[in-house]
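Thanks for asking me to look over this model with you. Here are my notes, point by point, with the structure shown first so that you can follow along.

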Amino acid sequence: MGLVVNGSPHSTYSQIVLIVLAEKGVESELREIDFAVSEHKQPAFLKLQPFGLVPVLEDDGYFLYESRAIAKYIAKKYAGQGTKLMPEEADVRAYGLFEQACSVEHSYFESPVSAICYEKIFKSMQGMGATDEEAVKKHAAKLDATLAVYEGILAQHAYLAGDELTLADLFHLPYGTMVRGLGFTDVFAKYPNVAKWFDALEARESWQKVSGGK
């Protein structure tokens with residue numbers, strides 16, 4: 001039995017997993033979860049993911065949730081094919097820089113971009129009221145501060161963990177593309193190294209496949 005991704009093609013976290021599968025050239029089945037009927041909150045799904053969120057990977061009776069954990073699992077299991085997306089753990093220093101870059105993305109990038117997307121898109125969808133523009137300004141300032149640091153990092157090497165692409169870079173794509181589409185392209189564009197790096201990420205065949213070329 002092949003890999004099954006329980007998720008949604010529109011979910012940013014499911015997209016992380018789908019990008020990695022595409023980079024590795026691994027075939028999989030996407031089993032779409034029906035959010036309209038709260039399938040992700042039903043007992044059958046909660047047995048797979050007790051927090052009731054997507055995605056969940058199924059691999060021959062083995063279940064794994066959390067998108068970044070799934071991405072690392074795929075990168076390790078299929079290390080010998082497709083794009084190399086993480087260094088060998090035996091290369092302690094390179095692996096340390098990789099994990100550092102993953103932590104940076106999660107701690108300093110995802111927080112402001114996901115908050116902006118929540119205010120601009122998901123808040124009203126969830127019936128939580130209108131966009132708080134002051135909150136958006138606060139999160140945009142945090143994003144700007146993060147990208148200012150990224151500019152210095154990317155002046156030294158092509159990617160966040162060194163001169164080779166890793167999962168840490170790819171993790172930025174779903175929310176980064178979404179927030180740029182909400183009118184925050186200029187925040188990226190003001191930093192030349194950041195703009196070059198992110199434009200190249202968006203141009204990757206894997207992201208074009210997952211995003212439908214958007």
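1. Asp-60 sits in the loop that links β3 to β4 (62-65). With a relative accessibility of 58%, Asp-60 counts as exposed; the cut-offs are under 20% relative accessible area for buried, over 50% for exposed, and partly exposed in between, using a 1.4 Å probe and protein chains only.

2. Before you go further, please keep in mind that this is a predicted model, in which local features need pLDDT of at least 70 and side-chain atom pairs count only at pLDDT 80 or more, while totals for chains, interfaces and linings use all residues. Residues are numbered from 1 along each chain as its sequence is written, and side-chain values use heavy atoms, with hydrogens and water left out.

3. Glu-66 is another residue to look at, in the loop between β4 and α3. Its phi is near 85 degrees, again a positive value in a residue other than glycine. Glu-66 is partly exposed, at 45% relative accessible area.

4. Pro-55 belongs to the loop between α2 (43-46) and β3. As background, most peptide bonds are trans, and most residues other than glycine have a negative phi.

5. Now to strand β1 (residues 3-7), which is mostly covered, with five of its five residues buried. Leu-3, Val-5 and Gly-7 point one way from β1, while Val-4 and Asn-6 point the other way.

6. What does β1 pair with? One partner is strand β2 (residues 28-32), in the parallel sense over five bridges; strands count as paired if DSSP finds at least two bridges between them. Another is strand β3 (residues 56-59), which runs antiparallel to β1 and is joined to it by four bridges. Val-4 shows both pairings: its bridge partner in β2 is Glu-29, and it stands opposite Glu-58 in β3.

7. β1, helix α1 (residues 12-24) and β2 together make a right-handed β-α-β unit. Right-handed is meant in this sense: with the strands pointing away from the viewer, the path from the first strand over the helix to the second runs clockwise.

8. The largest pocket has a volume of about 1200 Å³. A pocket is an open set of points on a 1 Å grid over the protein atoms alone, with protein on both sides within 12 Å along at least five of seven lines; lining residues have an atom within 4 Å of a point. Points are joined across faces, edges and corners, and a volume is the space filled by probe spheres set on them. The pocket is lined by 35 residues, of which His-10, Ser-11, Thr-12, Tyr-13 and Phe-122 lie nearest its centre. Helix α4 gives the most to this lining, with six residues.

9. A search of the whole structure also finds one cavity of 30 Å³ or more, a cavity being a set of grid points where a 1.4 Å probe fits but cannot get out. The largest cavity has a volume of about 50 Å³. Its lining includes Thr-12, Tyr-13, Arg-68, Glu-110 and Tyr-175, and α4 gives the most here, with four residues.

10. Glu-110 deserves a look of its own. Not counting residues up to four places away in sequence, Glu-110 touches Tyr-13, Arg-68, Glu-105, Ala-115 and Tyr-175, where contact means heavy atoms within 4.5 Å.

11. Helix α4 also holds Glu-119, which counts as buried at 10% relative accessibility. Leaving aside neighbours within four places in sequence, Glu-119 is in contact with Ala-130, Thr-131, Asp-132, Ala-135 and Val-136. The C-alpha atoms of Glu-119 and Gly-129, 10 residues apart along the chain, are separated by 9.2 Å.

Definitions and conventions:
Helices (H or I, at least four residues) and strands (E, at least two) are DSSP runs, numbered from the N terminus.
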